[in-house]
Amino acid sequence: MGASMTFCSSCCRAVVSPSSSPSTVIWPAVGRACAPATLPNGFAGADYSQTFSGVNGVAPFSFEVVGGALPPGINLSPAGVLSGAPTAAGVFSFTVQVTDGAGNSTQANYVIQVSSCTLAG
């Protein structure tokens, strides 16, 4: 599942293509490191969804925010689903930690820019 955004019908007339794959945190064979995709930006009041996944680890994977702050109105589920509707515009930086079933973990830093959605006229 990739990024998904729904825009208010009378404003923000933009087309955003969903990503073709989820953000992925990768554990290489030698040492652990993060290699995630960047997250798409969003609009205040518009639905936002992005799914993270873990590979090269032992399932199941769990996800949590361990630093910074998500945009207000957005939550990260332990299953790795980042979703909601941002309630405020701004630039939000946060760190996601993924832990595999064996207790190994790694972290990745993300930024989401949320823009205001205003009517022209």
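**Exercise 1. Is Asp 100 buried or exposed, and which backbone nitrogens lie by its side chain?**

*Solution.* The model is predicted.

- Step 1: Asp 100 sits in the loop between β8 and β9.
- Step 2: apply the cut-off. Buried means under 20% relative accessible area. Asp 100 has 6% relative accessibility, so Asp 100 counts as buried.
- Step 3: look at the side chain. A polar atom there lies 3.0 Å from the backbone nitrogen of Val 58. The backbone nitrogen of Ala 102 also lies 3.0 Å from a polar atom of the Asp 100 side chain.

**Exercise 2. Find the peptide bond from Ala 59 to Pro 60 and state its geometry.**

*Solution.* 

- Step 1: locate Pro 60. This residue is in the loop between β4 (47-55) and β5 (62-68).
- Step 2: read omega. The value for the bond from Ala 59 to Pro 60 is near 5°. The bond is cis.

**Exercise 3. Describe the surroundings of Thr 95.**

*Solution.* 

- Step 1: assign the element. Thr 95 belongs to strand β8 (residues 90-99).
- Step 2: Relative accessibility is 14%, so Thr 95 counts as buried.
- Step 3: pick out the polar contact. The side chains of Thr 95 and Asn 109 make one, at 2.6 Å.

**Exercise 4. Classify the ring pair of Phe 52 and Tyr 110, and say which parts of the chain the pair ties together.**

*Solution.* 

- Step 1: count the pairs. There are 3 aromatic pairs.
- Step 2: Rings pair if their centres lie within 6.5 Å, and planes over 60 degrees apart count as edge-to-face. The centres of Phe 52 and Tyr 110 are 5.1 Å apart and the planes stand at 65°, so the pair is edge-to-face.
- Step 3: trace the strands. Phe 52 lies in β4 and Tyr 110 in β9, so the pair ties together parts 58 residues apart in sequence.
- Step 4: widen the view. Ring pairs link Phe 52, Phe 63, Phe 94 and Tyr 110 into a cluster.

Terms used:
Residues numbered from 1 in each chain as written. Predicted model: local features only at pLDDT ≥ 70, side-chain atom pairs only at ≥ 80, totals over all residues. Heavy atoms only, no water. Helix = DSSP H or I, 4+ residues; strand = E, 2+ residues; numbered from the N terminus. Buried < 20%, exposed > 50% of the residue type's maximum accessible area, 1.4 Å probe, protein only. Polar contact = N/O pair within 3.5 Å; in protein donor to acceptor, adjacent residues only side chain to side chain. Contact = heavy atoms within 4.5 Å. Phe/Tyr/Trp six-rings, centres within 6.5 Å; stacked < 30°, edge-to-face > 60°. Lists of a residue's contacts leave out its neighbours within four places in sequence.
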